[in-house]
Amino acid sequence: MSAPGKTDPTDLIVRARTGDADAWGDLYREYAPAIFRFCRRAMPTREDAEDATMEIFMKLRDKLGQYDEGRSFTAWLYKVAANHCWDLLRRRKLRQDKETEDVTEVPLETPDANQLERLIEERTSEEVRKALDKLGVRARMALVMRYYSDMSYDEIADALGVRRAFVGVVLLRARHELRQALGENTVLAAGGIR
Amino acid sequence: MNQTDPTTNRHVDEMTLLLYVERQLDRERAQEVSLHTQTCTKCLTMLRALDRESRLLTRAMFEEDEPFPARLAQFRVAAQRSMQWIWGVVFGLAVLGVYALYTGYIEPWERQLDQAGFGSTNLLSLLVFQGAFWKGWQSMFTLFEFIALAALAGFALFAFRKYIRRGSALAVMFASLGLALSLASPASATEFRKGDTVTVNKDEVIKSDFFFSGQHLRLEGTVDGDVYAFGQQVDVPGHITGDLICFAQSARVSGQVDGNIRSFTNNITINGTVGRNVTAFNEVFNQDTSGTIGHSLTVFTQTLTLDGKVGRDLLGFFQQATLSGTIGGSLKTKGDSLTIASGAVIDGKAEFEGQKPAIVASDAKLASPLQYKQAERRSHMDRGAGYYIWRVIWTGTFVLFGIVLFALMPRFSQETVELGEHYGASFGLGVLVLFGIPIAAFIACFTIIGLFVGLSTLFLWLVVLLAAEVVVGTIIGQWMLGRTLEFWPLVLRMAVGVALVRVITSIPFIGGWAGFVVVLWGMGAISLALYRRLQPVIAPSVPSMPVGPIGTPLPANTTIGGMQSA
């Protein structure tokens with residue numbers, strides 16, 4: 001899980017549930033930037049991310065009563081955000097791109113480990129972010145859920161509507177897409193390590 | 001996948017290594033992979049590469065590459081500012097509207113009625129018998145239209161608020177609105193006519209519903225549909241195959257209406273034929289000898305004169321009535337005086353409740369003797385025990401209603417009670433909702449917006465009206481017994497508060513005003529809570545500068561999963 005909030009949100013949540021505007025303000029101030037960044041990574045455009053962030057917090061207001069205080073608020077919040085973003089993307093039918101193929105259909109070529117290491121060393125965070133933008137929505141969504149929100153495989157399976165056993169495949173395929181987008185696909189795909 | 005036997009020289013496939021990095025393998029399998037990577041350089045290199053890839057991904061995603069958008073940071077503040085502006089305008093409009101309504105319409109009517117000896121007539125009768133039918137109707141309708149449209153536009157803005165944040169969306173919305181308005185008339189199935197005098201000639205046939213507004217309508221031809229008439233004078237010597245809905249100072253139906261007549265007029269005369277029922281709210285209702293009503297007549301009037309024929313029952317509330325026609329069903333009436341004159345025929349049961357017994361001519365033909373009941377006349381000062389018993393019963397009913405509301409909507413109830421302590425906003429919104437919504441709903445019923453929307457709105461308004469006392473009672477109860485969020489203690493406070501409110505509103509003279517204040521306050525609080533529920537914003541402000549992830553920044557070497565020690 002990513003780093004938790006600086007303050008314990010329990011009190012804020014209790015107050016926010018009773019309609020305390022200040023508590024809502026504090027919750028928003030604390031969590032909106034992280035949720036915006038989540039949306040920014042998951043959604044195709046900045047404007048979409050802004051809209052999605054607002055909508056998530058609107059939804060949060062209605063759903064706060066469903067939050068189980070025994071769980072991590074951050075994890076729950078990311079789950080709400082992930083579900084919302086994925087719903088938006090699914091509604092736009094953006095996932096009807098190259099990802100529509102079954103996740104198990106196309107065998108994955110194992111890359112050369114040394115070349116992969118070199119690629120990772122040479123690429124900057126900014127280049128990775130640009131490459132992420134080129135991925136299909138499911139690949140990107142899966143990577144964001146796993147490496148930004150630290151969602152479990154079960155949660156990712158639930159959000160994406162795939163079987164848990166396929167989550168690893170989805171993530172691995174997403175990494176391959178990412179490597180391809182980083183411009184090294186031909187080299188990486190050529191070698192094997194068997 | 002490739003072979004995965006770590007005990008041999010065969011390598012572990014990438015999928016398994018990834019699952020190992022992600023700590024998704026079971027313990028036994030993880031140990032096998034760990035053992036293998038201790039001796040296999042290639043697999044160990046791959047494992048490290050996958051782990052570094054994870055770190056790179058996490059770092060890339062968490063890095064602050066762009067600031068938190070000002071739109072998100074500031075939109076609550078902006079909304080609050082705009083809200084304050086809207087509240088000011090809304091409150092100003094509401095006060096202006098109420099003031100205009102009172103000084104322009106209610107006060108003159110009250111004066112007129114005082115002079116005519118009807119000083120104690122209540123507001124409803126003022127509106128029904130005098131209100132909409134004098135010469136100023138047109139301007140009042142314009143005011144109504146404006147308020148109704150403003151209210152509807154407000155609701156539309158709320159409903160579609162998230163789609164109108166962008167300029168382009170706004171442009172599309174206004175363009176669509178303009179297009180809709182420009183296309184509305186030709187596309188409509190209703191014919192609209194407006195003017196000082198509108199005449200539908202004898203040989204003219206309108207094959208749709210017909211909507212008239214103006215001074216004088218004369219319908220000599222045929223309307224194959226319903227007629228909605230808003231005017232000073234309406235004459236129908238022609239033929240209407242549907243219903244006639246009439247708001248006028250004076251109406252005369254000498255032709256034929258195949259459907260029903262719903263009349264809200266100062267005076268109406270029927271000497272033609274009505275196929276079905278007549279419902280009339282008038283000052284004067286006349287049915288001439290030649291007038292025929294196929295089914296029933298329901299009339300609320302000051303003076304009722306019935307010389308024609310009613311096919312079925314007559315239900316009447318009046319000051320004075322004279323019946324000399326034929327009633328095919330029963331007669332049930334309440335008023336000051338009733339005269340059943342010579343020539344009258346009543347085929348069913350006849351009842352009259354009034355101040356003095358009815359005068360029945362000896363040659364009137366009644367199926368059974370008229371049953372008379374003396375009406376009770378009460379004033380504030382001679383309230384009997386029954387009044388107070390009913391007050392207690394109603395108090396219990398309101399408490400029960402409150403319990404149901406609290407149980408069904410606990411969070412909303414708490415929010416409403418809290419928002420009720422924002423007195424300015426509550427009272428301001430209360431004025432708007434109490435007066436504006438019924439007007440808007442009333443207009444909706446008679447315009448293209450539709451009867452369903454109008455009646456639904458009225459129903460909702462009525463529920464809010466009834467719940468107002470519960471809200472105010474709870475606020476007062478909390479003042480007295482302290483605040484609580486628990487269910488039954490809150491119910492206790494509500495019960496105490498409601499009881500107190502009922503006592504105060506029972507006090508003669510000031511009780512009515514207190515009740516008015518309670519209604520304004522409670523309705524405003526509920527509306528405010530509803531508004532807050534619809535509001536899309538959450539935070540007061542967030543700095544528009546780069547900020548880290550939740551709470552503390554992610555350490556540079558943070559990873560998800562990571563290598564397990566072999």
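## A bent helix in chain B

In this predicted model, helix α10(B) bends by about 30 degrees at G436(B), with a proline, P438(B), following within four residues; the bend is the angle between axes fitted to the seven residues ending at a residue and the seven starting there. Helix α10 of chain B covers residues 423-445, and its 23 residues reach 32 Å from the first C-alpha to the last, close to the 33 Å expected at 1.5 Å a residue, where the expected span is 1.5 Å times one less than the number of residues. Helices (H or I, at least four residues) and strands (E, at least two) are DSSP runs, numbered from the N terminus.

Residues are numbered from 1 along each chain as its sequence is written, while chains are lettered from A and ligands numbered from 1 in the order in which they are written. Because the model is predicted, local features need pLDDT of at least 70 and side-chain atom pairs count only at pLDDT 80 or more, whereas totals for chains, interfaces and linings use all residues.

## Parallel strands in chain B

Strand β7 of chain B (residues 244-253) is mostly covered, since 8 of its 10 residues are buried; a residue is buried if 20 or more other C-beta atoms, placed from the backbone, lie within 10 Å of its own, exposed if 12 or fewer, and partly exposed in between. Strand β5 (residues 227-236) of chain B runs parallel to β7(B) and is joined to it by 9 bridges, and here D235(B) stands opposite R252(B). Strand β9 (residues 261-270) of chain B is also parallel to β7(B), again with 9 bridges, and I261(B) in β9(B) is the bridge partner of L244(B). Two strands pair if DSSP finds at least two bridges between them.

## A buried threonine

T416(B) lies in helix α9 (residues 410-419) of chain B, and it counts as buried because it has 27 C-beta neighbours inside 10 Å. The C-alpha atoms of T416(B) and A525(B) are separated by 5.6 Å, although these residues are 109 residues apart along the chain. Leaving aside neighbours within four places in sequence, T416(B) is in contact (C-beta atoms, placed from the backbone, within 7 Å) with V471(B), A525(B), I526(B) and A529(B).

## Chain A

The secondary structure of chain A comes to 9 helices and 0 strands. Of the 194 residues in chain A, 45% are buried, and among its contacts between residues at least 6 apart in sequence, 71% join residues at least 24 apart.

How values were computed: Two residues are in contact if their C-beta atoms, placed from the backbone, lie within 7 Å.
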